[in-house]
Amino acid sequence: MDLRYMKIALQLAEKGIGHVNPNPLVGAVIVKNDKIIAEGYHKAYGDHHAEINAFLNAVENVRGSDMYVTLEPCSHYGKTPPCADAIVEKGIKRVIVALKDPNPLVSGKGIHILRDNGIEVITGVLEEEARKQNEIFLKYITTRLPFCIMKTAMTLDGKIAAYTGDSKWITNEHSRKYVHQLRHRVSAIMTGIGTVMQDDPLLTTRLEEKEGRDPIRVIVDSSARIPLDSKVLTVKSKAETIIAATEAADKNKISALENMGAEVIVTPIKNNRVDLLYLMKALGERKIDSVLLEGGSTLNFSALEEGIVDKINAFIAPKLIGGVSAKTPVGGNGKMYIKDAVLLRDMKIQSFDNDFMIEGYIVKEEKN
């Protein structure tokens, strides 16, 4: 029975996708006499937490009930009061938690408050599902660095474009719709100046069934070469555009970009390019908890080399185009030896009509 109600809580949490960053996705279900009497989820950043929304939605008195919640109730004052205190005041008898909160401000304190007040607490119910659901939050809250997803789209022979540069379209419509769902989920989308110069993309979110949230657009542009009439600078969107340039960029161009409303982050020069780790730290300081990397082969290689990538979503279309000079998803200098290859773990394959997407997580090297 605990599994059934926790699955419902996890499904509720999904409704917050695209609206709660950098907060976690959280769902809550209140059960009394084997009947659901309330449901709630965290709807928006700064709004009521899932537990409070569940209390507000209750169809009868919750005293003596069980509460199923996907993340440990908070114990600190942030934008809202502590949920643990509210649970005690409402007289909840038992709390079932999927995942303990890694936030140093919480980290077990919410559970301690509940137990100290005589509430039975059970933890770890569908923990792995909850961990997967909140992988963005878990990385950001413990490192203050954005969770980075590298998205690539290639033919069966590993090409992201023909030798002429033509790339419309490698994957099918079903795959591209899923990418817009990814854009809706993250805080920012990052690409390189080469992609902007060649494709002039909008980098917005376009969903059919609902209004999507545009991610903040981050353009990696060492010399600030971006044309002032680029779509990412002129598109009507609530999301801002950030240009990541280096100290070598022209100061007058930087001023012109800022006058257009773009923010310019100037990073140190690293290997004649933008220092990507510096950039990720700067984005994290701006409460950007996640980045979808839709870069070209050069930026993708640099991102892997700098260790900023956490997850890969690689789309593969059943097409063959060949070409020795046709680009692959990861370019740069490449690795000298197979033993130095970047490794993936926890692989999963998903189909989109005739396309396939391979999802996996980067195996991080242990740092002494």
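Predicted model: local features only at pLDDT ≥ 70, side-chain atom pairs only at ≥ 80, totals over all residues.
Strand S1, which covers residues 27-32, pairs with S2 in the antiparallel sense over six bridges, where two strands are said to pair if DSSP finds at least two bridges between them, and where helices (H or I, at least four residues) and strands (E, at least two) are DSSP runs numbered from the N terminus. Within this pairing, valine 31 has isoleucine 36 in S2 as its bridge partner. Residues are numbered from 1 along each chain as its sequence is written, and side-chain values use heavy atoms, with hydrogens and water left out.

Let me widen the view to the sheet. Five strands form an open sheet in the order S2-S1-S3-S4-S5, and their pairing is mixed. Its edge strands are S2 (35-41) and S5 (120-123), each of which pairs on one side only, and the twist from one strand to the next averages 15 degrees. As a reminder, strands of a sheet pair through backbone hydrogen bonds, either parallel or antiparallel.

Contact here means heavy atoms within 4.5 Å.

Now to strand S9. How many of the residues in S9 are buried? Strand S9, residues 241-246, is mostly covered, with six of its six residues buried, and by buried I mean under 20% relative accessible area, with exposed being over 50% and partly exposed in between (1.4 Å probe, protein chains only). Thr241, Ile243 and Ala245 point one way from S9, whereas Ile242, Ala244 and Thr246 point the other way.

On one hand, S9 pairs in the parallel sense with strand S8 (residues 216-220) over four bridges, and the bridge partner of valine 218 in S9 is isoleucine 242. On the other, five bridges join S9 to strand S10 (residues 263-267), and these two run parallel, with isoleucine 242 standing opposite glutamate 263 in S10. From S9 the chain crosses through helix H10 (residues 251-259) to S10, and this β-α-β crossover is right-handed, which is to say that, with the strands pointing away from the viewer, the path from the first strand over the helix to the second runs clockwise.

Next, the salt bridges. The structure holds 21 of them, a salt bridge being a side-chain nitrogen of Lys or Arg within 4 Å of a carboxyl oxygen of Asp or Glu. One is formed by lysine 132 and glutamate 359, whose closest N and O atoms are 2.8 Å apart; this pair links distant parts of the chain, with lysine 132 in helix H5 (residues 127-133) and glutamate 359 in strand S16 (residues 355-362), 227 residues apart. Lysine 132 is partly exposed, at a relative accessible area of 35%, whereas glutamate 359 is buried, at 4%.

Salt bridges that share partners join Lys132, Glu135, Lys311, Lys348 and Glu359 into one network.

A further salt bridge joins arginine 183 to glutamate 294, with 2.9 Å between the closest N and O atoms. Arginine 183 lies in helix H7 (residues 173-185) and glutamate 294 in the loop between strand S13 (290-293) and helix H12 (297-306), so the pair ties together parts that are 111 residues apart in sequence. Both arginine 183 and glutamate 294 are buried.

Helix H7 also holds serine 175, which is buried, with a relative accessible area of 0%. Leaving aside neighbours within four places in sequence, serine 175 is in contact with Phe315, Phe352 and Asp355.

Finally, tyrosine 163 lies in the loop between strand S6 (147-155) and H7, and at 64% relative accessibility it counts as exposed.

Key:
Axes fitted to C-alpha atoms, helices over the stretch in contact; angles between N-to-C directions.
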